Amino acid sequence: IFNPGGPLRVRTVDLRSDTVTKPGAAMRRAMAEAHVGDDVFGEDLTVNELQKRAADIFGMEAALFVPSGTMSNLIAVMVHCSERGDEMIVGDLAHQHVYEQGGSAQVAGVHSTTVSTQSDGTFHLDEVESKIRHGYPKVHFTRSRLVCVENTHNLRGGRVLPLSFLHELRSLADRYGLAVHMDGARLMNAAVALGVSPSVILQHCHTVSVGLSKGLGAPMGTMLGGSKDFVERAVRVRQALGGGLRQLGIQATAGILALTDMVGRLKEDHRRARIFAQALKECDPPLYEVNMASVETNILRFRLNDPRLSPAEFCQRAATVCENELQVLGHGVRVLMFHNAWGSIRAVFHLDISDDDAQVAVEKLHFLARQVAEQRGKLW
């Protein structure tokens, strides 16, 4: 960061992920006063209350608190695919497939076959059907057991899966005796975007994994929902994976507040993401490629239209304050974002981002667009 001999007026706007949120004062107070017990013995009444509330919200028989989304998804795979060498069908851009270290194969011995993820996060159902194995138990074949979906879809920019797609997928799965698991890390964002209760979405799924520590603001945790029998088996798998926790009521209290008090405000994150996206689309000079139709929730993915500026370099510039910026804007702004191997840049809005934060982030990205245009002119 440039510092011309004096203190800098620098503001940081952290758009890397909604996982960077911090518990607010009310949540911290509730955690400090939480009633606790030994959850492995089933004696933490706060955890029991959280699990019942989550099951009711999901419209499912039972739910289980799990430390993380990665563990929750892995547990679901291990319960549904009970024999090593079983197979799951998953999107090629799914979080489970790309970011969770291949845990289904590495830990569970479950084989994955992929289908192409469409721009809206869905699959072509005929491709799904073509991947279902029919030769089991012949010695050459795996056994198809599970189809996994992601809602909202991270790598597709927070897209919400249409209810019609989920209905048709469930019908296909039922026809072949497969289970449907939803990686619903941001399921509440999907429900808010559709204007329906989570249970309306989840009626088409056998199981779901719902994050508490993203836009809902809890410091940790994921809820794994399903039938009573599924959750009973999930408890055993959680224990084997090291997920049995003791005085968990402190975290469970945060989870209760996340599910009851924090869902309604997600629409604010969605609104700010659209305003931010529109501002990038209207930037003059134009540097950003934004598909407004894809901005449905709190995640924005955009591209650069200058091939000489890599997404990695752009993110570095956005996170750095330079001398000219102080002169032009009157203050320094660090906008933190992630880029990925597919060439897009991700900005995620969450409860710690205000309207003013969004506005100064827009100012910084407009400033960078002018800076890049000036550099182009000098090169020409």
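Predicted model: local features only at pLDDT ≥ 70, side-chain atom pairs only at ≥ 80, totals over all residues.

Visitor: What span does α11 reach from its first C-alpha to its last?

Guide: Helix α11 runs over residues 249-261, 13 residues in total. Its reach is 17 Å, close to the 18 Å expected at 1.5 Å a residue.

Visitor: Now the cores. Which residues have the most contacts inside the largest nonpolar core?

Guide: The general idea: in soluble globular proteins, nonpolar side chains tend to be buried together. Here the largest nonpolar core holds 49 residues, and Phe58 and Met182 have the most contacts inside it. Another core lies apart from it, with 36 residues, among them Leu309, Val335, Val360 and Val372.

Visitor: Which residues is Phe58 in contact with, leaving aside neighbours within four places in sequence?

Guide: Phe58 touches Met188, Ser199, Leu202, Val208, Val210, Met223 and Gly225.

Visitor: Val208 and Val210 sit in β7. Which way do they point from that strand?

Guide: Read a strand by its two faces. Val208 and Val210 point one way, while Thr207, Ser209 and Gly211 point the other. Five of the five residues of β7 (207-211) are buried.

Visitor: In which sense does β7 pair with β6 and with β8?

Guide: With β6 (179-184) the pairing is parallel, over four bridges. Met182 stands opposite Val208 there. With β8 (222-226) the pairing is antiparallel, also over four bridges. In β8, Gly225 is the bridge partner of Val208.

Technical notes
Residues numbered from 1 in each chain as written. Heavy atoms only, no water. Expected span 1.5 Å × (residues − 1). Core = buried A, V, L, I, M, F, W, Y, C linked by side-chain atoms within 4.5 Å. Buried < 20%, exposed > 50% of the residue type's maximum accessible area, 1.4 Å probe, protein only. Contact = heavy atoms within 4.5 Å. Pairing = 2+ DSSP bridges.
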